[in-house]
Amino acid sequence: MTLGILTRRLCGATLLAQALSVFFGALVAWRLAQAYNEERADLYLVGGVALALLCVVAVGALRSRHGAALGWAVQILTLASALVLPAMVIVAGIFGTLWFLCLRHGRRMDTVNAEREAQARQLSEGEG
């Protein structure tokens, strides 16, 4: 099922904000790992940047029928990033909740708008 325009806009804004948060989280994980001389410091940065880019790709995918599924995958991966940086649990919780609410209420708003358009068409056809 493809998403309506309002749902896509709401979800897209959420994913773009999430991309920024994930990117900044990756920078924090990278610098902390460097401070503790961990060998995986660069891997944390690359993984975080890849997840941030996946958020942006998911925005573009919202036009396809698999866009919402990719968005959910991004939410799960963001939660999984808490294995590296525990504070990402908060980020994942905030954006996971926003994602759910955008999908739920966006679909409702799209349905209401479609009903209004149908009623307006019926009224205009009845007058003409």
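Reader: How many aromatic pairs does the count come to?
Author: This is a predicted model, in which local features need pLDDT of at least 70, side-chain atom pairs count only at pLDDT 80 or more, and totals for chains, interfaces and linings use all residues. Residues are numbered from 1 along each chain as its sequence is written, and side-chain values use heavy atoms, with hydrogens and water left out. Rings of Phe, Tyr and Trp (its six-membered ring) pair if their centres lie within 6.5 Å. By this rule the number of aromatic pairs is 2.

Reader: What kind of pair do the rings of Trp 72 and Trp 99 form?
Author: Planes under 30 degrees apart count as stacked, over 60 as edge-to-face and the rest as tilted. The ring centres of Trp 72 and Trp 99 are 6.3 Å apart and their planes stand at 90°, so the pair is edge-to-face.

Reader: How many residues apart in sequence are the parts that Trp 72 and Trp 99 tie together?
Author: Helices are DSSP runs of H or I with at least four residues, numbered from the N terminus. Trp 72 belongs to helix α3 (residues 67-80) and Trp 99 to helix α4, so the distance in sequence between the joined parts is 27 residues.

Reader: Is Trp 99 buried or exposed?
Author: Buried means under 20% relative accessible area, exposed over 50%, and partly exposed in between (1.4 Å probe, protein chains only). Trp 72 has 36% and is partly exposed. Trp 99 has a relative accessible area of 0%, so this residue is buried.

Reader: Which side chain of opposite charge is nearest to Asp 110?
Author: Asp 110 sits in helix α4 (residues 88-127). Lys and Arg count as positive and Asp and Glu as negative, while His and the chain ends are not counted. A salt bridge needs a side-chain nitrogen of Lys or Arg within 4 Å of a carboxyl oxygen of Asp or Glu. Asp 110 is buried yet has no salt bridge, and at 7.1 Å the nearest side chain of opposite charge is Arg 107.

Technical notes. Helices (H or I, at least four residues) and strands (E, at least two) are DSSP runs, numbered from the N terminus.
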